[in-house]
Amino acid sequence: MSTIKVGENLYLIDIQAGGIKNFIASYLLKGKQAAIIETGPMSSVPNLLSGLKELNVKFEDIAYVAVSHIHLDHGGGVGTLLKFLPKAKVIVHSRGAPHLANPEKLWQQSRAVLKGIAEMYGEPEPVPEERIIAASDGMTFDVGADVKLTVIETLGHASHHQSYYESSSRSVFPGDAAGIYLSEIDVILPTTPSPFRLDIALASLNNLMSLKPKTLYYTHFGKASNPSEKLQTYSQQLSLWAKIVKQGLENRESLKVISERIIRSDRAVQRALEHIRVHPILSETVFDESLRGFIDFVEKFN
Ligand SMILES: [Zn+2]
């Protein structure tokens with residue numbers, strides 16, 4: 001499995017769900033104990049485990065598994081992973097917690113929306129309730145040796161989304177709150193599935209900016225420098241998409257016309273177009289799911 005050191009006490013594991021590289025990252029943060037940030041889906045847990053073995057971490061030393069939210073590509077693997085980690089507790093937003101304990105509804109909804117992609121991610125296994133910490137904004141988890149993870153509630157992408165802040169290194173793990181970062185071409189794309197809340201997502205981005213982070217560690221995908229610029233860029237991109245969608249709906253344009261207008265107006269999308277077209281997940285999500293999120297938001301709140 002491919003693991004790389006990306007910070008002082010921090011390692012990235014490319015979990016290669018569905019064989020796709022550079023798409024979902026899981027992070028191992030080491031203190032006296034250790035924490036995992038993001039598990040990826042159920043189907044790639046074996047890859048995550050072999051990454052952990054490669055990094056020589058003892059499974060009983062892993063105190064926390066922190067997920068940004070319960071979507072399958074972020075937290076779908078928690079239940080399966082916990083069977084191997086005897087002492088770990090799961091940190092999840094309080095609204096997501098019941099769905100980790102009882103993932104049946106989450107699975108049905110994911111299948112309805114994501115179809116084949118959900119099957120590829122795999123059905124999540126339940127997490128024993130006593131191992132779940134229903135977290136809230138500001139809660140801090142200590143892994144020893146001055147390494148701590150603080151919960152930063154960042155709703156908008158989902159109503160059960162939180163990011164994590166490690167203060168000694170001023171690192172932020174934004175989950176999906178800061179978009180999808182294509183590190184190979186240094187481009188950010190929206191991840192805004194319905195029921196996306198633009199207003200709340202922008203406020204969350206401001207909260208992340210106010211931390212003045214030194215580094216972002218994206219789940220999709222990898223380490224990014226110049227965090228303020230990245231967060232600002234994403235904020236502007238969301239506003240641009242919203243403006244185009246609003247105009248498009250007012251002019252009764254079709255989805256196709258609206259997405260063409262986004263392509264003409266958003267330079268990041270232009271640069272990423274080839275990447276999106278050939279990508280097994282992004283080809284289905286960027287102009288379908290993400291655009292749908294904007295349309296539903298504009299129709300409901302404007
Ligand atoms: Zn995601």
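Mentor: The discussion below sets individual values against the definitions of the terms.

Mentor: This is a predicted model, in which local features need pLDDT of at least 70 and side-chain atom pairs count only at pLDDT 80 or more, while totals for chains, interfaces and linings use all residues. Residues are numbered from 1 along each chain as its sequence is written.

Trainee: Why is Tyr181 called buried?

Mentor: A residue is buried if 20 or more other C-beta atoms lie within 10 Å of its own, exposed if 12 or fewer, and partly exposed in between, with C-beta atoms placed from the backbone. Tyr181 has 23 C-beta neighbours inside 10 Å, and therefore counts as buried. Tyr181 is found in strand 12; helices (H or I, at least four residues) and strands (E, at least two) are DSSP runs, numbered from the N terminus.

Trainee: With which residues is Tyr181 in contact, leaving aside its neighbours within four places in sequence?

Mentor: Two residues are in contact if their C-beta atoms, placed from the backbone, lie within 7 Å. On that basis Tyr181 is in contact with Ile188, Tyr218, His220, Phe221, Gly222 and Ala224, once neighbours within four places in sequence are left aside. Of these, Phe221 lies in the loop between strand 14 (215-218) and strand 15 (222-224), and a cis peptide bond with omega of about -15 degrees joins His220 to Phe221.

Trainee: Where is the cis peptide bond whose omega is about 0 degrees?

Mentor: That bond joins Ser194 and Pro195. Pro195 has its place in the loop between strand 13 and helix 7 (198-210).

Trainee: What is the phi of Asp146, and is Asp146 buried or exposed?

Mentor: Phi of Asp146 is near 65 degrees, again a positive value in a residue other than glycine. Asp146 is exposed, because 12 other C-beta atoms lie within 10 Å. Its place is in the loop between strand 8 and strand 9.

Trainee: How do you know that the buried residues of helix 10 line one face?

Mentor: The buried residues of helix 10 (residues 267-278) are Ala268, Val269, Ala272 and Ile276. Seen down the axis, they fall within an arc of 85 degrees, so they line one face of helix 10. The arc is that of the directions from the helix axis to the C-beta atoms. Arg267, Glu274, Arg277 and Val278 are exposed on the other side of helix 10. The buried residues pack against strand 12 (180-182), strand 13 (187-189), helix 8, helix 9 (255-265) and helix 11.

Trainee: What puts the buried residues of helix 5 on the same side?

Mentor: In helix 5 (residues 104-114), the buried residues include Leu106, Ser110 and Leu114. They cover an arc of only 35 degrees around the axis, which puts them on the same side of helix 5. The other side of helix 5 has Glu104, Lys105, Gln108, Gln109 and Ala112 exposed. Among the elements covering the buried residues of helix 5 are helix 2 (72-75), helix 4 (97-101) and helix 6 (116-121). Just after helix 5, Lys115 takes a positive phi of about 50 degrees.

Trainee: Which residues have the most contacts inside the largest nonpolar core?

Mentor: A nonpolar core is a set of buried Ala, Val, Leu, Ile, Met, Phe, Trp, Tyr and Cys residues joined through C-beta atoms within 7 Å. The largest one has 92 residues, and those with the most contacts inside it are Tyr27, Leu29, Val65 and Val90. Helix 8 supplies the largest share of this core, seven residues.
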